[in-house]
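Work through these exercises on charged side chains. Try each task before you read its solution.

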Amino acid sequence: MASLRSEVLACFRALHRTRKSVFHGDSVAIEARQKIGEEFRKHASESDHDKIAEQLKIGWDCEMLLREKVVQLQLNKQGRYDVKLRQDIQLEKNTPYIERPEELSQSSINILQF
């Protein structure tokens, strides 16, 4: 139980460190801080090891998602947004959405229906 407790505390601390880094200088940081505390307090009385482990997985997944996928945008004087990229951000290839021509869409549907 002691190791599980220390892992919960490590997750709690990691979420707050990541929150500070991701939302640095942003008012959203206050809401994120409250939400992290609220979620941990909501499950503080949990005693089932499996449920605690499940919640820990969710916590670590959230920390990873915040750290690797969330970026800060700041509106500049030209009316555009500047992106604040951190070292941990995992960039992925973006594939732009292209509207299919109607005849291509219909032929695809006909092939799938046979």
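Predicted model: local features only at pLDDT ≥ 70, side-chain atom pairs only at ≥ 80, totals over all residues.

Residues are numbered from 1 along each chain as its sequence is written, and side-chain values use heavy atoms, with hydrogens and water left out.

**Exercise 1.** State how many salt bridges the structure holds.

Solution. Start with the term. A salt bridge is a side-chain nitrogen of Lys or Arg within 4 Å of a carboxyl oxygen of Asp or Glu. The structure holds six of them. In general, side chains of opposite charge can pair when their charged atoms come close.

**Exercise 2.** Describe the salt bridge between E39 and K35.

Solution. Take the distance. N to O is 3.2 Å. Next, take the position. Both residues lie in helix α2 (residues 28-42), four residues apart, so about one helical turn separates them. Helices here are DSSP runs (H or I, at least four residues), numbered from the N terminus. Last, check exposure. Buried means under 20% relative accessible area, exposed over 50%, and partly exposed in between (1.4 Å probe, protein chains only). E39 has 25% and is partly exposed. K35 has 43% and is also partly exposed.

**Exercise 3.** Find how far apart the closest N and O atoms of E39 and K42 are.

Solution. The closest N and O atoms are 3.3 Å apart, and the pair forms a salt bridge. Both residues sit in helix α2, three residues apart, about one turn of the helix. K42 is exposed, at 52% relative accessibility.

**Exercise 4.** Is R19 buried or exposed?

Solution. First, locate R19: helix α1 (residues 2-22). R19 is buried yet has no salt bridge. The nearest side chain of opposite charge, D26, is 11 Å away. For charge, Lys and Arg count as positive and Asp and Glu as negative, while His and the chain ends are not counted. Now list contacts (heavy atoms within 4.5 Å). Leaving aside neighbours within four places in sequence, R19 is in contact with H24, A29, A32, R33 and I36.

Methods:
Helix = DSSP H or I, 4+ residues; strand = E, 2+ residues; numbered from the N terminus.
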